[in-house]
Amino acid sequence: MLLFTAVPVQAQLDGNADEAKVAPYRLPDPLTMADGKRVTSAAEWTARRRPELLALFQRHIYGVTPPAPADMRAVVTDLDRHALGGRAVRKQVTLYLNGSEQGPQTSVLLYLPAGAKAPAPLFVGLNFHGNQAVAADPAIAIAHSWVAAPGKGIVKHRATAASRGIEAGQWPIAQILAAGYGVATFFPGDLYPDGEGKRAESIQPPYAISPSAPDGWGAIATWAWGLSRVYDYLATDADVDRRRVIVIGHSRYGKAALWAGAVDPRFAMVVSNDSGEGGAALYRRDFGETIRVMNDYWFAPRFKTYAGRAEDLPVDAHELIALIAPRPVYVASATEDWWSDPRGEFLAARGADPVYRLFGLPGLGTDRMPPPDQTTGGCIGYHIRSGAHDITAQDWAAYLAFADRHLRPGLADPGGCRPAAD
């Protein structure tokens with residue numbers, strides 16, 4: 001039996017860390033329609049059940065987001081084809097979401113393999129402290145938005161030059177580039193600062209959606225919407241393989257990555273690292289994080305009404321993972337991260353299997369949780385890494401190998417998963 005070390009976390013007060021106290025629960029069947037009809041084909045899933053499930057997640061958990069802006073404008077503010085000692089092409093791009101320099105905007109940092117003979121596959125995700133935090137490259141513009149997470153060089157919730165590279169361990173750029181992949185990242189605070197009472201500073205007010213609307217979009221949906229806007233730009237960049245853009249996220253941003261991948265089928269693959277409840281962990285399994293203690297602003301207002309009654313939710317996390325089918329998805333946990341409920345993440349991945357089988361594809365393909373530091377799965381990958389709540393070079397090695405197996409041109413497993421929609 002795996003043991004998960006309880007790590008105290010401020011303001012997270014009521015999580016159960018005792019496996020013996022997990023009460024029996026029953027998961028909703030992803031292949032049973034709301035009217036009771038059984039889904040029997042991939043075509044029926046795509047045409048009927050998938051839209052039904054998406055609507056349920058929108059109404060009850062994440063909220064309804066606006067459509068893509070018709071007038072978004074991207075401006076490349078920096079281009080260096082000999083960055084990082086000649087190993088990378090660096091681009092910095094500002095997205096003006098409504099086309100105006102005075103309107104909502106976000107800054108995107110890209111690193112691509114130098115000398116690539118073809119457009120590169122690419123991972124895109126959110127960072128915690130600003131783009132300058134992912135590498136010690138002095139050319140990266142310092143984030144100007146409010147920063148929630150403490151860290152070296154973060155002074156009164158603002159990033160300074162001393163914060164350069166403080167997330168480099170979570171973004172092993174050299175390792176990713178050497179594997180033939182690019183990286184794109186942006187700071188979520190540009191879209192919705194990651195703190196209570198920050199909605200007025202977010203991009204939401206211009207969209208005239210009432211903050212009290214039961215299905216109004218929360219911060220996670222806002223960040224996921226932003227990931228799709230970054231994809232809108234990436235699809236126009238000749239150096240990027242738009243059919244092989246992988247959305248990735250750690251912790252709360254793993255929740256956003258899963259939701260972005262579920263909503264937007266253009267993402268070729270989805271990676272959830274230690275995302276916990278609200279991400280890959282089952283709601284009905286009473287272990288670790290709970291609806292009651294999760295930040296209100298992350299979700300639609302209706303979601304918090306399910307605190308203490310998760311069994312009344314019409315959906316659960318295995319159906320969120322299933323929404324990514326038939327594309328590859330990877331779920332990862334850590335042995336000391338009891339709050340994210342590693343077993344609940346594994347069971348949610350397993351619960352998505354029937355949908356992948358409907359497409360004639362291998363899902364997770366096992367009922368046994370693997371030992372620490374071993375990968376398992378088919379089109380659904382899983383591992384539990386030894387250690388704490390983090391994303392490490394070891395995790396990235398597994399994600400790169402999984403992407404090679406399913407997405408790399410000329411290397412894809414003939415029995416692997418299907419690419420993203422073009």
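Tyrosine 62 is in contact, beyond its neighbours within four places in sequence, with Phe57, Gly216, Trp217, Gly218, Ile220, Ala221, Trp259, Gly278, Tyr283, Phe299, Ala300 and Leu320. The model is predicted. Tyr62 also belongs, with Val124 and Leu234, to the residues with the most contacts inside the largest nonpolar core, which has 89 residues.

**Nonpolar cores**
- Another core, of 29 residues, lies apart from the largest one and includes Leu109, Trp171, Ile176 and Leu177.
- In soluble globular proteins, nonpolar side chains tend to be buried together.

**Glycine 226 in helix α4**
- Helix α4 spans residues 219-234 and contains glycine 226.
- Glycine 226 counts as buried because its relative accessibility is 4%, and the cut-off for buried is under 20%.
- Once neighbours within four places in sequence are set aside, the contacts of glycine 226 are Phe186 and Leu191.
- A C-alpha separation of 31 Å lies between glycine 226 and proline 362, which are 136 residues apart along the chain.

**Strand β3 and its partners**
- Strand β3, residues 105-113, is mostly covered, with seven of its nine residues buried.
- Strand β2 (residues 88-96) runs antiparallel to β3, and nine bridges join the two.
- In this pairing, leucine 112 of β3 stands opposite valine 89.
- Strand β7 (residues 182-186) also pairs with β3 in the antiparallel sense, over four bridges.
- Here alanine 184 in β7 stands opposite leucine 110.

Definitions and conventions
Residues are numbered from 1 along each chain as its sequence is written. This is a predicted model: local features need pLDDT of at least 70, side-chain atom pairs count only at pLDDT 80 or more; totals for chains, interfaces and linings use all residues. Side-chain values use heavy atoms; hydrogens and water are left out. Buried means under 20% relative accessible area, exposed over 50%, partly exposed in between (1.4 Å probe, protein chains only). Contact means heavy atoms within 4.5 Å. Two strands pair if DSSP finds at least two bridges between them. A nonpolar core is a set of buried Ala, Val, Leu, Ile, Met, Phe, Trp, Tyr and Cys residues joined through side-chain atoms within 4.5 Å.
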